Amino acid sequence: MTVKFTINGVKVEAESGDSVIDTARRYGFDIPSLCHHQAVTPYGACRVCLVEITKGGRKKITTCCNYEVLDGIDVVTDSEAIHKHRAMVLELILAEAPDAEPVKKLAAKYGVNVSRFERPKAGAAQERHDCIMCGLCVRVCTEIVEVNALAFNGRGYNRGVGGPYLEAPQSCIACGACAWVCPTDCIGFVEEDGMRKVLKWDRELPMEKDEDGRPFAPKFQLHYFKEKFGLPADIYKKAPGTR
Amino acid sequence: MDLTKVDAIIENYDGDATSLLAIMQDVQDQENYLPREAVNHISTKLDVPVSRIYSMATFFESFHLEPRGKHICTVCMGTACHVRGAQRLVEHLERELKVKSGGTTEDLQFTLEEVNCVGACALGPLVIIDGEYHGNVTSTRLTKAVKNLKTREGGE
C-alpha cells in the first residue's frame with residue numbers, strides 16, 4: 001500500500017512497512033546514521049538518525065531508522081533542536097569510541113571535537129576503543145550470511161562483540177561482510193600469503209587458488225556457499241563467465 | 001558431564017528452542033555451572049547457534065561458564081548486611097576457605113560469592129550456604145558451618 005507524507009515540506013510516497021530513513025534517503029535527504037543498513041533489521045542503537053516527526057498534531061524527536069512510514073506524518077530532518085540532540089548523542093558515542101575515525105569525522109560535523117565524558121574503563125575486552133556496539137556486524141552475520149558466528153557478550157560496561165567463548169568463531173567463513181558493513185571500520189580484513197584474516201575476530205582461513213595460482217576466496221567460505229545453494233561440485237573449477 | 005542428562009532436560013521441554021533459558025537453568029542446576037560440552041550439545045539439539053547461547057549465558061549474572069564448587073557460600077552484601085559487617089564475613093571466609101571472593105577452591109569443594117541483596121535485610125548479616133539461609137551470622141558460626149561441611153565430605 002502506498003503511504004503519502006511529507007519530509008521537510010516535500011510530498012513523498014513510500015510503501016507501507018518502509019522506514020522513514022530509507023524513504024528520506026531515496027528522495028535525497030541527508031540523514032546521518034551509524035547503525036543502519038537497509039539490508040538488515042533496524043536496531044535504533046546509535047541514535048544519530050534523530051528527526052522530528054509530527055503525527056496527529058503531536059511533535060516528537062525520534063530515531064527514523066526504526067520508524068515505519070505513516071500517512072500524513074510530517075518529518076523534519078534538520079533543525080536547531082535536532083542538531084543539538086545529535087551533537088549530544090555523538091558526544092556520548094565519541095566517549096565510547098574515541099579512536100574511531102568515522103565517528104570523529106561525523107562528530108566534528110556537529111561541532112563535537114572532544115567528549116566531556118570519560119573513556120571506557122581500561123581492561124574492557126577491546127584494546128582500541130573504536131567499536132560503538134551498534135550490532136551491525138552481528139545482524140549481518142545472523143540475518144544475511146546466516147552463519148551466526150558473532151553475538152554480543154556480557155552486559156553494561158563489559159559488553160563486547162565477538163565469537164562464543166571470546167575465541168575465534170569456528171563457524172565464521174571469513175566472508176568479510178561484518179568488516180564491510182562496520183560503520184567505524186574497526187574489524188579489519190586482510191588477505192596475505194594465501195590466507196584471509198578477519199582481525200578483530202582473530203579468524204584466519206586458507207584460501208583456494210585459481211588456475212594461475214592466485215588465491216581468491218577461503219576454502220571454507222566456498223564450501224559453505226556450495227552447500228547452502230546446492231552448487232555443482234566443480235563450480236569453482238570453471239572460469240567465472242562460463243559457470 | 002553426562003550428556004544423556006542434558007537430553008532428558010531438553011526432552012522435558014519438548015525440544016522447544018523458545019525454552020532455551022529454562023533448559024540452561026536446569027542444566028546449571030545439575031552441574032552448578034554450564035559445561036562447554038553441554039552448551040555445544042544444546043546448540044546442536046535445539047538448532048540454536050552457540051554464539052547466542054554464549055551471549056545469553058554472559059548476559060545473565062546467574063549463569064556460570066567456569067566450574068563451581070560442590071558447596072556454594074553466598075554472602076549478602078546489601079546495605080543492611082554491609083553495615084553489620086558483611087565485608088568482614090567475606091574476608092573471614094576467604095581466609096577460612098583459602099579462596100578469593102568470586103573464586104572456587106582448587107578441590108572444587110567450595111565457591112565463595114557475593115550478592116547485592118537477597119531481601120532478607122532483617123536477618124543481616126546473611127550468608128547462604130548451599131541454599132540454606134543463615135541469618136545474624138558471626139564468623140564463629142561460619143567457621144563451624146564450614147567445618148561441618150568439610151568433615152561431612154571427609155566422612156563420606
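# Reading the bridges, contacts and turns

Mentor: Start with B:R36 and A:E167, which form a salt bridge with their closest N and O atoms 2.8 Å apart. The pair crosses between chains, from helix α3 of chain B to the loop between β7 and α5 of chain A. Helices (H or I, at least four residues) and strands (E, at least two) are DSSP runs, numbered from the N terminus. The model is predicted: local features need pLDDT of at least 70, side-chain atom pairs need pLDDT 80 or more, and totals for chains, interfaces and linings use all residues. Residues are numbered from 1 along each chain as written, chains are lettered from A and ligands numbered from 1 in written order, and side-chain values use heavy atoms, without hydrogens or water.

Trainee: Why is the pair of B:R36 and A:E167 called a salt bridge?

Mentor: The rule asks for a side-chain nitrogen of Lys or Arg within 4 Å of a carboxyl oxygen of Asp or Glu. Here the closest N and O atoms are 2.8 Å apart, so the pair qualifies.

Trainee: Are B:R36 and A:E167 buried, exposed or partly exposed?

Mentor: Buried means under 20% relative accessible area, exposed over 50%, and partly exposed in between (1.4 Å probe, protein chains only). B:R36 has 35%, so B:R36 is partly exposed. A:E167 has 39%, so A:E167 is partly exposed too.

Trainee: How many salt bridges cross the interface of chain B and chain A?

Mentor: The rule finds two. One of them joins A:R155 to B:E61, with the closest N and O atoms at 3.7 Å. That distance is within 4 Å, so this pair also passes.

Trainee: What else links chain B and chain A?

Mentor: Five residue pairs are in polar contact, both residues at pLDDT 80 or more. A polar contact is a pair of N or O atoms within 3.5 Å; within protein, one must be able to donate a hydrogen and the other to accept it, and residues adjacent in sequence count only if both atoms are side-chain atoms.

Trainee: What is the area buried between the chains?

Mentor: About 1100 Å², with carbon and sulfur atoms giving 57%. B:R36, B:S51 and B:Y54 supply 49% of what chain B buries against chain A, more than any other three residues. Buried area is the accessible area (1.4 Å probe) that two parts lose on being put together, summed over both.

Trainee: What makes B:E113 and B:R68 a salt bridge?

Mentor: Their closest N and O atoms are 2.5 Å apart, within the 4 Å limit, so the pair counts. B:E113 is in strand β2 of chain B and B:R68 in the loop between α4 and β1 (71–76), so the pair ties together parts 45 residues apart in sequence. Both residues are buried.

Trainee: Which residues of chain A are linked in a network of salt bridges?

Mentor: A:D210, A:D212 and A:R214. Between A:D210 and A:R214, the closest N and O atoms are 3.3 Å apart. A:D210 has 25% relative accessibility, so A:D210 is partly exposed.

Trainee: How do you know that strands β1 and β2 of chain A pair?

Mentor: DSSP must find at least two bridges between two strands. Six join β1 (residues 2–7) to β2 (residues 10–15), so they pair, and they run antiparallel. A:F5 has A:V12 as its bridge partner in β2(A). The hairpin has two residues between the strands, and A:N8 takes a positive phi near 50 degrees.

Trainee: Is A:L166 buried or exposed?

Mentor: A:L166 has 59% relative accessibility, over the 50% cut-off, so A:L166 is exposed. Its phi is near 55 degrees, a positive value in a residue other than glycine. A:L166 sits in the loop between β7 (160–162) and α5 (177–181) of chain A.

Trainee: Where is the cis peptide bond in chain B?

Mentor: It joins B:G124 and B:P125, with omega about -5 degrees. B:P125 lies in the loop between β2 (110–115) and β3 (127–129) of chain B.
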